[in-house]
There are 2 protein chains.
Amino acid sequence: MLDNILFFAILVKKGTKSVKIVTDTMNNKKVPESAISRLFVYLRELIELAKVGIHNISSAELGERVNQSDAQVRKDLGHFGQFGVSGAGYNIEELKSALEKILGKDKAWNVAVVGAGHLGSALLTYPGFEAHGLKVAAAFDSDARKIGRELGDITIQPIDDMAKAIKAKNISIGIIAVPAKIAQEVADKLISAGIGCILNFAPAGLTVPENVKLKDVDLSRELETLSYFLANKKSV
Amino acid sequence: MLDNILFFAILVKKGTKSVKIVTDTMNNKKVPESAISRLFVYLRELIELAKVGIHNISSAELGERVNQSDAQVRKDLGHFGQFGVSGAGYNIEELKSALEKILGKDKAWNVAVVGAGHLGSALLTYPGFEAHGLKVAAAFDSDARKIGRELGDITIQPIDDMAKAIKAKNISIGIIAVPAKIAQEVADKLISAGIGCILNFAPAGLTVPENVKLKDVDLSRELETLSYFLANKKSV
DNA sequence: GTATGTGAAGTAATTCACAGCT
DNA sequence: AGCTGTGAATTACTTCACATAC
């Protein structure tokens, strides 16, 4: 049994002006981030369907299964091309591999975790990354006592080695799990080391250049939102 | 040090049609959920500012600090009333207490955790709830071996006792941390026990009546989205 | 007949811009 | 002069509806 466990939560930060995401596709139209998120849901459903041995599905059926309208399904797919057959629907195998390609699930990405406190340690040993094509390849901390320690199968390195290690190991995702005060500093270091994508667990509003994808993670806001809905619930 | 840690992530599920949120205010206008989420950020910033001894702030300054436009700040506040002074800005203490009231942070809510596996256990011992006015008041599991076990200061009860306990302890938030297959079943039980608000950690599309607030939590989708952005990044 | 793909219509959220208050 | 509060304009996302393809 686990004795000490931590949990955290992701919140898609919507208003960050410093982040303009490169979501253009084939024909230069912007794809809503929500659409991409739904594509992953379609993909998962398709994988399930494939397992069951079904080979074909209509947008209406697929939508039904994931609580979306048929039009939404078609529009979402439409951002990336034409995958269906008029009158017949979509071939599940084909659509599945098309989505895997579009969504980058056919590739693996190296991840660096910065900060080896509770949360950082959690991330280092979190088993879910691999299933999503992510490989934790390095961990950093500024605390001398933590450096050299092994967690999972990687060794914690000093933050000053970050730039070198990130380039050497071809790491493209940085996860920030440090206190809020130094989060921006860490972000800057990651960015100057050439990282493309930051998952930020610190409750701090980070500023990043437009070509870096920032995703903020904030359990507190989610929990808090719950209290709002309770406080303002109309007793129907 | 922690040996075993888990982490999870919240994703605001946007397309769920079954969930129509009661976000009406004073004058019956709908308030975007994103606005509410931002209000919490403003509130946190105000608390910081109050600590530093600042008493007044303009929408532009506040916005600056949290990466929002001045107009956004004013619009968000405008949904709930008029808190500012023309030409002078907002009194920090006043705005702080107004927001605390609006957002329900002045109340405490009882929470039930269903499912005492890794994630459920994590939640039971997660120290962050209290800071947000949430109190874990009960935990349930269907596994006979887990029943009776103590985690933190609460005892795991059989799922069949749920309805009783929820009413007895005046619990208004249910957290679902069970496998996807039984998530809907658990949700139905929670709802019929009169729960108002569900935080769902199972990767399952739950259906709930309109008067129940459902919030889905899904680390996978967040992680996945990262790969998409890497896969489709324009190298600029 | 059946289901796609896609402009057009509709709905929602954000940003603009300025009248009016202090 | 400075800043709020708020309609109007803009931008973004979703739903409709139908011409088109099988």
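## Domains of chain A

The domain assignment divides chain A into domain 1, which covers residues 33-102, and domain 2, which covers residues 109-222. The C-alpha centres of domain 1 and domain 2 of chain A lie 33 Å apart. The model described here is a predicted one, and its distances should be read with that in mind.

## The surface near DNA strand C

There are 23 residues around DNA strand C, and those that come nearest are S59(A), R74(A), G84(A), G87(A) and Y90(A). Of the atoms of DNA strand C that come within 4 Å of the protein, 63% belong to sugar and phosphate. Both chains contribute to this surface: at least two residues each are supplied by α3 (70-78), β2 (84-85) and β3 (89-91) of chain A, and by α1 (33-52) and α3 (70-78) of chain B. The largest share, 4 residues, comes from α3(B). Sorted by class, the surface near DNA strand C consists of 7 nonpolar, 11 polar and 5 charged residues.

Several individual contacts can be followed in the structure. In chain A, an N or O atom in the side chain of Y90(A) is 2.7 Å from a phosphate oxygen of DNA strand C.

## The surface near DNA strand D

Around DNA strand D there are 23 residues, of which S59(B), R74(B), G84(B), G87(B) and Y90(B) come nearest. Among the atoms of DNA strand D within 4 Å of the protein, 62% belong to sugar or phosphate, and the rest belong to bases. Here α1 and α3 of chain A, together with α3, β2 (84-85) and β3 (89-91) of chain B, each supply at least two residues, and α3(A) gives the largest share with 4 residues. The surface near DNA strand D divides into 7 nonpolar, 11 polar and 5 charged residues.

A backbone N or O atom of G87(B) lies 3.1 Å from a sugar or linking oxygen of DNA strand D.

## Salt bridges

Over all chains, the structure holds 18 salt bridges. One of them joins R38(A) and D76(A), whose closest N and O atoms are 2.6 Å apart. Because R38(A) lies in helix α1 (residues 33-52) and D76(A) in helix α3 of chain A, this pair ties together parts that are 38 residues apart in sequence. Both R38(A) and D76(A) are buried.

Other salt bridges lie within a single helix. R74(A) pairs with D70(A), the closest N and O atoms being 3.4 Å apart, and the two are separated by about one helical turn because they are 4 residues apart in helix α3 of chain A. R74(A) is partly exposed, with a relative accessible area of 41%, and D70(A) is also partly exposed, at 33%. In helix α4 (residues 92-102) of chain A, K96(A) and E100(A) are likewise 4 residues apart, and their side chains meet in a salt bridge of 3.9 Å, N to O. K96(A) counts as buried at 16% relative accessibility, whereas E100(A) counts as partly exposed at 24%. Finally, E33(A), K213(A) and K215(A) are linked in a network of salt bridges.

Key
Residues are numbered from 1 along each chain as its sequence is written. Chains are lettered from A and ligands numbered from 1 in the order in which they are written. This is a predicted model: local features need pLDDT of at least 70, side-chain atom pairs count only at pLDDT 80 or more; totals for chains, interfaces and linings use all residues. Side-chain values use heavy atoms; hydrogens and water are left out. A residue is near a molecule or strand if one of its heavy atoms lies within 4 Å of it. A polar contact is a pair of N or O atoms within 3.5 Å; within protein, one must be able to donate a hydrogen and the other to accept it, and residues adjacent in sequence count only if both atoms are side-chain atoms. Ala, Val, Leu, Ile, Met, Phe, Trp, Tyr, Cys and Pro count as nonpolar, Asp, Glu, Lys and Arg as charged, and the others, Gly among them, as polar. Domain bounds come from an automatic or database domain assignment. A salt bridge is a side-chain nitrogen of Lys or Arg within 4 Å of a carboxyl oxygen of Asp or Glu. Buried means under 20% relative accessible area, exposed over 50%, partly exposed in between (1.4 Å probe, protein chains only).
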